[in-house]
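Work through the exercises below with the sequence and the model side by side. Each task is followed by its solution.

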Amino acid sequence: MRDQRYTEAGTAPRVLLRFLAAPTDVNWGGKVHGGAVMRWIDEAAHVLATQWTHSASNVAVYAGGVRFYQPLRIGDLVEVEARLLYTGNSSMHISVHVRSGDPSTTTVKLTTHCLIIFVPLDNRGRPIQTAPWIPGNDEDDALQRHAQSLMQLRRLLGESAAAGTE
């Protein structure tokens with residue numbers, strides 16, 4: 001996941017949330033709790049999923065590949081960017097990058113990266129079909145292939161885990 005390229009050239013739908021890390025987000029050492037960061041990741045991905053499906057009835061069903069690169073601190077400017085990578089029959093694979101830095105400058109550094117999958121639901125809580133997203137350029141194609149390779153790895157790991165329980 002770390003080696004994938006995410007640039008402004010990508011045409012995928014995306015959402016950017018910006019705010020300051022609040023005192024309630026941090027521990028006694030002044031660093032933001034990992035749970036708060038995961039909440040931000042979920043919120044940004046949910047906004048993107050809601051925009052894509054035109055419905056707020058979307059749920060996170062998977063979060064993986066979470067990397068915490070450096071701590072966020074109280075008062076940091078936080079940017080949480082969610083970007084659509086792939087749509088399946090009833091799922092949206094969303095990459096989320098969290099960056100932070102001094103709010104007096106425009107410089108932010110990557111602090112966290114995660115892949116999260118959302119599923120749209122009908123009024124009975126059952127998965128429904130997701131509108132397909134078509135990549136618009138080479139970067140989008142590469143990221144979509146990357147999401148598909150991660151799906152394949154999860155399938156293989158699932159089969160390996162099931163084989164170990166027999």
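The expected span of a helix is 1.5 Å times one less than its number of residues. Helices (H or I, at least four residues) and strands (E, at least two) are DSSP runs, numbered from the N terminus. The model is predicted: local features need pLDDT of at least 70, side-chain atom pairs count only at pLDDT 80 or more, and totals for chains, interfaces and linings use all residues. Residues are numbered from 1 along each chain as its sequence is written, and side-chain values use heavy atoms, without hydrogens and water.

**Exercise 1.** State how many helices and strands the chain has, and give their order.

Solution. Start with the count: two helices and five strands. Then read along the sequence, which gives the pattern β-α-β-β-β-β-α.

**Exercise 2.** Compare the span of helix α1 with the expected one.

Solution. Helix α1 covers residues 34-53, which is 20 residues. From first to last C-alpha it reaches 28 Å, close to the expected 28 Å. Just after α1, histidine 54 has a positive phi of about 60 degrees.

**Exercise 3.** Find the buried residues of α1 and the strands they pack against.

Solution. Buried means under 20% relative accessible area (1.4 Å probe, protein chains only). In α1 this holds for Ala36, Val37, Trp40, Ile41, Ala44, Ala45, Leu48 and Ala49. Next, look for contacts (heavy atoms within 4.5 Å). The buried residues of α1 pack against β1 (14-20), β2 (58-68), β3 (77-87), β4 (92-101) and β5 (109-120).

**Exercise 4.** What share of the chain is buried?

Solution. Of the 166 residues in the chain, 39% are buried.

Methods: Buried < 20%, exposed > 50% of the residue type's maximum accessible area, 1.4 Å probe, protein only.
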